[in-house]
Amino acid sequence: MLDSPTSTRATQTTHRSRNSRGPVRPPTDDQELGSQAPPTRPASSLLAKRGLRIGKTRVGKGLFATKRIVDGSCIGEIQGEVIDDDDYVSRYSFDLTDGQQLEPDAPFRFVNHSCDPNCAFECFSFPKLSRMADATSGTHLVNAPTAQRKLLLFAICDIAIGQELTIDYNWPAIFAIPCGCRAISCRGWIVTPRDLPQLLEQASPA
């Protein structure tokens, strides 16, 4: 995400949900969701397998496609540490719907903002599977009463080789900072569109 000296906090997941540009196909539990790399495999090889690379941008680091990504594709799971602290502030974190925050690990830590993004994230709940012993058939998997929540990154348009992956941060006005994404539709500020009029009014001379 934005690599700048300004420390700010991301807004809630519902404020940064994907646009309806293509079908969302949430993966099933047995599909690979971009899980943590096993110790024996270099992180760079896993990135290459996903068709991604971390590179330099005007604002620091960014995430780029090394393969064509089709609209609606699940790019991977955003993993990291879940923080349950109302006073926690980070320029990278995702606010979750229950007030918790997710401090993301690489590579999705470096997904930058754009006012015309090509990606967005969604939060899905998957049933947890538990192993139970059965006298006749042996051990088998059953659904546990609690659900496992996963934050997934999706493409909301076709992404070409070499293109940077971006999302719309949709920050509230209180955390807004000037935007330099250079999109034709750039709002001038990293801020949710509904708060832009309020921000412009505050910024205008009296």
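**Close-up views of a predicted model**

**View 1. Cys123, a partly exposed residue in a strand.** Cys123 has a relative accessible area of 26%, so it counts as partly exposed. In this predicted model, Cys123 belongs to strand S8, which covers residues 119-132. Arg149 is 26 residues away from Cys123 in sequence, yet their C-alpha atoms are 6.8 Å apart in space.

**View 2. The whole chain, for orientation.** The chain contains two helices and 12 strands. In sequence order the pattern is α-β-β-β-β-β-β-β-β-β-β-β-β-α. Of the 206 residues in the chain, 42% are buried. Among contacts with a separation of 6 or more, 69% join residues 24 or more positions apart.

**View 3. The largest nonpolar core and Leu153.** The largest nonpolar core has 28 residues, and Ile75, Leu153 and Leu165 touch the most other members. At least two residues of this core come from each of strand S2 (60-65), S8 and strand S9 (140-155). S9 gives the largest share, three residues. With neighbours within four places in sequence left aside, Leu153 is in contact with several residues, including Ile75, Ile78, Phe108, Val111, Phe121, Leu165 and Ile167. Another core, of five residues, lies apart from this one; among its members are Ala173, Val191, Leu196 and Leu199.

**View 4. An aromatic pair between Phe94 and Phe121.** The whole structure holds three aromatic pairs. One of them is formed by Phe94 and Phe121, with 4.9 Å between the ring centres and 90° between the planes, an edge-to-face arrangement. Phe94 is in strand S5 (residues 94-95) and Phe121 is in strand S8, so that the pair links distant parts of the chain, 27 residues apart. Both Phe94 and Phe121 are buried.

**View 5. Two arginines over aromatic rings.** The charged end of Arg53 is placed over the ring of Phe64, at 4.6 Å from the ring centre. The charged end of Arg109 is placed over the ring of Tyr92, at 3.9 Å from the ring centre.

View 6. Gln101 is part of strand S6, residues 101-104. Why does Gln101 count as buried? Its relative accessibility is 0%, and the limit for a buried residue is under 20%. The side chain of Gln101 reaches the backbone oxygen of Tyr88 at 3.1 Å.

View 7. The peptide bond from Ala106 to Pro107 is cis, and its omega is near 10°. Pro107 is located in the loop between S6 and strand S7 (112-113).

**View 8. Asn170 and Arg182, two residues with positive phi.** Asn170 is not a glycine, but its phi is positive, about 50°. Asn170 is found in the loop between strand S10 (166-167) and strand S11 (177-178). Arg182 also is a residue other than glycine with a positive phi, in this case near 70°. Arg182 is in the loop between S11 and strand S12 (189-190). Are these two residues buried or exposed? Asn170 has 9% relative accessibility and therefore counts as buried, whereas Arg182 has 67% and therefore counts as exposed.

How values were computed
Residues numbered from 1 in each chain as written. Predicted model: local features only at pLDDT ≥ 70, side-chain atom pairs only at ≥ 80, totals over all residues. Heavy atoms only, no water. Helix = DSSP H or I, 4+ residues; strand = E, 2+ residues; numbered from the N terminus. Buried < 20%, exposed > 50% of the residue type's maximum accessible area, 1.4 Å probe, protein only. Core = buried A, V, L, I, M, F, W, Y, C linked by side-chain atoms within 4.5 Å. Contact = heavy atoms within 4.5 Å. Polar contact = N/O pair within 3.5 Å; in protein donor to acceptor, adjacent residues only side chain to side chain. Phe/Tyr/Trp six-rings, centres within 6.5 Å; stacked < 30°, edge-to-face > 60°. Lys NZ or Arg CZ within 6 Å of the ring centre and 35° of its normal.
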